[in-house]
Amino acid sequence: MPRSNRPRRPRGHGPEPEDEPTGLDRLMSSWKRTEVRRGRTFTVQPVSAASARKEYVCPGCGGTVLPGTAHVVVWRADGVLGDEADLASRRHWHNHCWSIA
């Protein structure tokens with residue numbers, strides 16, 4: 001019997017790309033840590049490149065944190081105005097800028 005050269009599945013109907021990061025990227029992107037800088041306590045949360053979807057201005061260098069760039073989100077953990085105010089004042093930093101701040 002002759003072999004069929006037709007594709008078995010329609011073109012363009014392969015596996016769907018995943019929108020959400022999986023595996024290690026997903027775990028690492030949600031791990032918060034606490035750091036002390038100049039006597040103040042900050043909460044630092046990494047954002048993976050896959051999760052970075054908006055553009056921000058880095059307070060460290062004044063440059064743009066582009067979508068698709070891994071970075072950190074930082075906010076005060078010991079502010080006097082409360083947790084809601086601290087969370088509202090969070091900022092997105094380049095990893096390098098935060099490491100030298």
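**Exercise 1.** Which residues do ring pairs link into a cluster? Work it out on this predicted model.

*Solution.* Start with the count: there are two aromatic pairs in the structure. One is formed by F42 and W98, with 5.5 Å centre to centre and 80° between the planes. Planes over 60 degrees apart count as edge-to-face, and F42 and W98 are edge-to-face. Put together, the ring pairs join F42, W93 and W98 into a cluster.

**Exercise 2.** Decide for F42 and W98: buried or exposed?

*Solution.* The cut-off for buried is under 20% relative accessible area. F42 has 15% relative accessibility, so F42 counts as buried. W98 has a relative accessible area of 6% and is buried. W93 is buried as well.

**Exercise 3.** Find which residues are linked in a network of salt bridges, then see what lies over the face of W98.

*Solution.* Begin with the total, three salt bridges. E35 meets R33 at 2.7 Å, N to O, and R37 meets E35 at 2.9 Å, N to O. This gives a network of R33, E35 and R37. Within it, E35 is buried at 16% relative accessibility, whereas R33 is partly exposed at 36%. A salt bridge also joins D78 and R76, at 2.9 Å, N to O. Finally, return to the rings: R37 lies over the face of W98, 4.4 Å from the ring centre.

How values were computed: Residues are numbered from 1 along each chain as its sequence is written. This is a predicted model: local features need pLDDT of at least 70, side-chain atom pairs count only at pLDDT 80 or more; totals for chains, interfaces and linings use all residues. Side-chain values use heavy atoms; hydrogens and water are left out. Rings of Phe, Tyr and Trp (its six-membered ring) pair if their centres lie within 6.5 Å; planes under 30 degrees apart count as stacked, over 60 as edge-to-face and the rest as tilted. Buried means under 20% relative accessible area, exposed over 50%, partly exposed in between (1.4 Å probe, protein chains only). A charge sits over a ring if NZ of Lys or CZ of Arg is within 6 Å of the ring centre and within 35 degrees of the ring normal. A salt bridge is a side-chain nitrogen of Lys or Arg within 4 Å of a carboxyl oxygen of Asp or Glu.
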